[in-house]
Amino acid sequence: MTTDTQSELAQELRDWARGMTTLQAATEMLIRGGYAGEGRRWIRYDEDNRRHWIDFASIPDLIGALSGGERRFLSIATSLAADEPIVLGDEVAGLDHRHANLVLAAIAAAAGFDKPTRTIVFVGDEPQRAIAPALYDWPTE
């Protein structure tokens, strides 16, 4: 797959996920982690809507041949996107640095804290509006 094709697929998946922060975060995890290419069995094509999408619910059944860290990473993404229950403590313990970095960014994004946010802070007893910085940025590699 060429870089242009990868970029087009990534943008198509981002467009598909737009509107639900948890789905967007999980999709971004897979894209940035290298798990959203056309060769991945959980990437589907919807003939009616003529677009790709990620079948997160199928991921747990398709990851048996991957390493433990890869399975953990994909399980966390699936939990964010498809409400698949996991024990987060068990899953994060086996992540490598790169995957842990992406998980942290995804959790911040899923909560809506991946960009500056309006908030209220108290100065003494008085509430004041303020801008809180992004909690955690997506890593650039």
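Pro85 is placed in the loop between α4 and α5 (88-92). In this predicted model, Pro85 is exposed, with a relative accessible area of 70%. Its C-alpha atom is separated by 38 Å from that of Gln128, a residue 43 places away along the chain. The points below set this loop within the protein chain as a whole, then turn to the strands, the core and several individual residues.

**The loop between α4 and α5**

- Asp83 also lies in the loop between α4 and α5.
- The phi angle of Asp83 is positive, at about 55°, although the residue is not a glycine.
- Because its relative accessible area is 69%, and exposed means over 50%, Asp83 counts as exposed.

**Overall architecture**

- Six helices and four strands make up the elements of the protein chain.
- Read from the N terminus, these elements follow the order α-α-β-β-α-α-α-α-β-β.
- The C-alpha trace spans about 55 × 35 × 30 Å along its principal axes.
- Of the 141 residues in the protein chain, 33% are buried.
- Among contacts between residues at least 6 apart in sequence, 51% join residues that are at least 24 apart.

**Surface and charge**

- The protein chain exposes about 8,600 Å², and carbon and sulfur atoms supply 49% of that area.
- There are 14 positive and 22 negative side chains in the protein chain.
- The centres of the positive set and the negative set lie 2 Å apart.

- Strand β1 (residues 43-46) and strand β2 (residues 51-54) run antiparallel and are joined by four bridges.
- Ile43 has Ile54 of β2 as its bridge partner.
- The two strands form a hairpin with four residues between them.
- Arg50 is placed in the loop between β1 and β2, and its phi is near 50°, a positive value in a residue other than glycine.
- Arg50 counts as exposed because its relative accessible area of 66% is over 50%.

- Strand β3 (residues 117-123) runs antiparallel to strand β4 (residues 126-132), and seven bridges join them.
- The bridge partner of Arg118 in β4 is Ile131.
- Two residues lie between the strands of this hairpin, in which Gly124 takes a positive phi near 70°.

**The nonpolar core**

- The largest nonpolar core contains 33 residues.
- The residues with the most contacts inside this core are Met29, Leu30, Trp42, Ile54, Phe56, Phe73 and Leu74.
- Helices α1 (3-17), α2 (21-33), α4 (68-82) and α6 (97-110) each contribute at least two residues to this core.

**Trp42 and Asp55**

- When neighbours within four places in sequence are left aside, the contacts of Trp42 include Leu30, Ile54 and Leu74, each of which is listed among the residues with the most contacts inside the core.
- Other residues in contact with Trp42 include Tyr35, Trp53, Ser58, Ile59, Leu62, Ile63 and Leu66.
- Asp55 is also in contact with Trp42.
- Asp55 lies in the loop between β2 and α3 (59-62).
- Which residues does Asp55 contact, leaving aside its neighbours within four places in sequence? They are Trp42 and Arg44.
- Asp55 counts as buried because its relative accessibility of 15% is under 20%.

**Val103 in helix α6**

- Val103 lies in helix α6.
- Is Val103 buried or exposed? Val103 counts as buried because its relative accessibility is 3%, which is under 20%.
- Val103 and Met29 are 74 residues apart in sequence, whereas their C-alpha atoms are 7.0 Å apart in space.
- Beyond its neighbours within four places in sequence, Val103 is in contact with Met29, Phe73, Ile76 and Leu95.
- Of these contacts of Val103, Met29 and Phe73 are listed among the residues with the most contacts inside the largest nonpolar core.

Terms used: Residues numbered from 1 in each chain as written. Predicted model: local features only at pLDDT ≥ 70, side-chain atom pairs only at ≥ 80, totals over all residues. Heavy atoms only, no water. Buried < 20%, exposed > 50% of the residue type's maximum accessible area, 1.4 Å probe, protein only. Contact = heavy atoms within 4.5 Å. Areas by Shrake-Rupley, 256 points an atom, 1.4 Å probe, with all protein chains shown as cover. Lys, Arg positive; Asp, Glu negative; His and termini not counted. Charge placed at Lys NZ, Arg CZ, Asp CG, Glu CD. Pairing = 2+ DSSP bridges. Core = buried A, V, L, I, M, F, W, Y, C linked by side-chain atoms within 4.5 Å.
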